[in-house]
Amino acid sequence: MPSCKEIFLRPIECIPAVLLGLLLNLLDAISYGMISFPVNTVIFADFGPPGISMFFVSCIVAQLVYSLGGSAFDGGNGRAERIIDSVGEDKANVVIASTMVAFALSSMMTGVAFFLLGTLKLGSLIEFFPRHILVATIGGVGWFLVATGIEVSGRLDGNLEYNLPMLRALFLDGHTFALWFSAFMVAIALRVIQHYVRSSMVVPLFFMVLPLVFYAVVLIAGLSVDDVRDSGWIFPLVDDSVPFWQFYTYYDFTIVDWKAVAETIPAMLALTFFGLLHVPLNVPALSVSTNRDNVDLNRELVAHGISNTLSGCFGSVQNYLVYTNSLLFIRSGGDSRLAGLMLAGATAVIWMMGPWIVGYIPVMVVGSLIFHLGLDLLKEALIDTWNSVNNLEYITICVIVCTMATLGFVEGIFIGILTACLFFVVQNAHRSQTIRATYSGQIMRSTVRRLYRQQLFLNQVGKQIQVIKLQGYLFFGTINQVERAIREMLSTKDGDPIRFLILDLQLVQGLDFSAAEAFVRIRRLLLARQVFMIICNVGANSDEQRALKKAGVWDDKMMQQPSPLPSAWLVADNGTSNASSQIPGTQQQHIMEYNILRCFERLDDALEWCENVLLRSYFLKKPQHPIPKTASISMSPSSTVVDMQMFMASPRHQMLSHAVQHTVQDTPEANKAYANLTQPTLILLKSLGELANVNKTTHGDAVPLEFFHQLGRYFERWTCDKGQAIWRQGDVCEFLIVVEQGSLRSLMEVNKREHVVVESILPGTIVGELGLFTSTHSHDQKRTRSLIADQQSVFWKLTRSTFEQMVRDDPLMANQFVRLTLYYSVERQENMVQYAFHLHQ
């Protein structure tokens, strides 16, 4: 419980802040209240006082809502925004009643919008609106205030128009020019003072002193106040008998023109939009300035929704929390709910005193205040953004401000959004890097563990595989980058011809119909150049897959494996074919369209398929060795038998022939020797024989065949069924294996329920050698991955005890075996590291 001393002292401590807040409210009421209605028209000529009264009501409602717990800022200060609209001038009573209803409905509409955004926790949505459009909107309001300042201070009979008669009236009529230009120069003088005196109290003190200076000049000049008022320098006197609640008498729902009210809905929406802009700007700024970390934007939106809805129910105008006024109020001691309630009470007292004070306010004071506010907003939009935003954004700001000035507020926002969308497309089309990276098949290899001879072959022909990693959102403004890059790639690869183009869509976030249609053009381009088009990382039933299917890139049948081609259409072993002479042109075109496209779930699968097709040329020269296969990529004719006629007599075929001739050097004697060998000598010779020829012994001689005979004595044969685990992740490394038949898959456990495929292992390869070689009696290496059989497999096992026996029996042979195996491991590890590195580039 607070003490009696605190109960009496606390209100006294709040008095300075309340007086300052009251002064700020009075200044805003004079400026904004006086322009709530078009006082330069006949109907609303005397509506300055009602506008001020309505402002006070809205201000009181907002102050009470904020101070009674609606806002996190105990001393938040409110300011109203109004609709200026005329529903017609035929019947004054109908016009007035309809305008008053439009004011109230606009406040309610704004309140509902605020409340829904806050209740549904959608406050962050406002932050997604482009910042430069918000700034441009503020600039448009700034110009509206400048124009209003000219109308009010120049005492014009109508609205400011952009024509020659209006220019003559403003600049050639000496009296009119003196009225508005004097107020304008006072606003300029205030800005000069602010440039040298950087205090938040400058503006309030300036407008407190300005009326005193004005009346001092009138007194010194010996002028009559009535004559000065009649000349338009002071607002007309207000009837003392007019009550402070007079604006409520204007509400007559029986004569409201609801059609005219409905016509003001666009203006209501525009003003609602403008009101919504301020909360996400003012609230965070005020929280930083007052060192408050517990500010909830959604809570502030709900508070604004309640205050605006209540303001509309009380027949008043919109309101929102103002950063500058609230900061001055809080820093001067109004950082409590008591201070906010006292300010609301003091504002109510000023409101009930009546609008008589308007008859003694110099027009220069109101006009200069309006000019000051307008110039400040224009400076924020047009000057502060210079060199702060890019050229396109600055052009957008200027377009919005000019459109609002000439056409209107709603039209300016609409034109601004269209301009922003246009410039957004242009910016993203020029700056977005749709192609993240490009790689050849020599750098980006599949994770399949192959024979050393096959790896040599793929190293030479891997340039025929090109991988393009795409990223971001593909739309009509960026997809041309992909088409242009592919055309350049095809035109500059004469020395390194391309046979396979892989488009990796893993990092693609979506694509529109124009981008999807571009894939159809790319497919036709690649068909004309006799290049396979391969798409990978397109999720099943994803938005990307649906877009590509709708554009006709593929259909459901093409998602399945293509049916095998007749044998007469396939290339013969001697490298010739008569396919083109047997297939009609239209049918051949259909077949090529059908077989030119391949789709895979993963990039690794796509690379493996391309490598298998290239290896087919290798195995055509070695018919005694069947092509190996994995379970993930079927090696049936439906997937790997392709029409090789498209590659005959081309640089691609010449590269293949040269690579085969360079790699395949088996003589008839060697083939005959292989035929007489038994297992495991044969599989060891296939696995390590090529390495033995490359990696000479210390004496410079090739490893003899007897070496593999002796080595085979330490291996034992094992078999496993499909799905059987050879070892599990975390097991002790007790043996290595050499695969003879079947295929294996290496899996890494990500969590207890998910495993990731690391690599596929084919016959003729060695697995588990690093763990075995690095294990010691004092430290047992653990398996980092699990090894599962994809199909029924046969392999030869070398256990740790047998290897240790080999080391004791024949250390030279053991050393040579380790050197050959590690040489193979280095090659494989390099491929894995390159794949992993480039996969996430």
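Q: In what order do the five strands of the open sheet come?
A: In this predicted model, the five strands of the open sheet follow the order E3-E4-E5-E6-E7, and their pairing is mixed.

Q: Which strands stand at the edges?
A: The edges are taken by strand E3, residues 435–440, and strand E7, residues 597–600; each has a single partner strand, so one side of each is left without a neighbour in the sheet.

Q: And by how many degrees are neighbouring strands turned against each other?
A: On average, neighbouring strands of this sheet are turned by 20 degrees against each other, with direction ignored.

Q: How many bridges join E4 to E5?
A: Nine bridges join strand E4, residues 465–474, to strand E5, residues 500–511, and these two strands run parallel. One of the residues to look for is Val467, whose bridge partner in E5 is Ile502.

Q: Which strands does helix H19 lie across?
A: Helix H19, residues 513–528, lies across E4, E5, strand E6 (532–536) and E7, and it runs at about 180 degrees to E5.

Q: Changing topic, how many aromatic pairs are there?
A: The count comes to 25 aromatic pairs.

Q: Where in the chain are Phe715 and Phe817?
A: They belong to distant parts of the chain, 102 residues apart: Phe715 is in the loop between helix H29 (705–712) and strand E8 (716–720), whereas Phe817 is in helix H32, residues 811–839.

Q: Are those two buried or exposed?
A: Phe715 is buried, and Phe817 is buried too.

Q: Which residues do ring pairs link into a cluster?
A: That cluster is made of Phe171, Phe177, Trp180, Phe181, Phe184 and Phe371, linked by ring pairs.

Q: What sits over the ring of Trp727?
A: The charged end of Arg783 does, at 3.7 Å from the ring centre. Elsewhere, Lys797 lies over the face of Trp718, 3.4 Å from the centre of that ring.

Q: Last topic, helix H13: how far apart are its end C-alpha atoms?
A: They are 23 Å apart, which agrees with the 22 Å that the 16 residues of H13 (337–352) should span at 1.5 Å a residue.

Q: Which residues of H13 are buried?
A: The buried residues are Ala339, Gly340, Leu343, Ala344, Ala346, Thr347, Ala348 and Trp351.

Methods: Residues numbered from 1 in each chain as written. Predicted model: local features only at pLDDT ≥ 70, side-chain atom pairs only at ≥ 80, totals over all residues. Heavy atoms only, no water. Pairing = 2+ DSSP bridges. Helix = DSSP H or I, 4+ residues; strand = E, 2+ residues; numbered from the N terminus. Axes fitted to C-alpha atoms, helices over the stretch in contact; angles between N-to-C directions. Contact = heavy atoms within 4.5 Å. Phe/Tyr/Trp six-rings, centres within 6.5 Å; stacked < 30°, edge-to-face > 60°. Buried < 20%, exposed > 50% of the residue type's maximum accessible area, 1.4 Å probe, protein only. Lys NZ or Arg CZ within 6 Å of the ring centre and 35° of its normal. Expected span 1.5 Å × (residues − 1).
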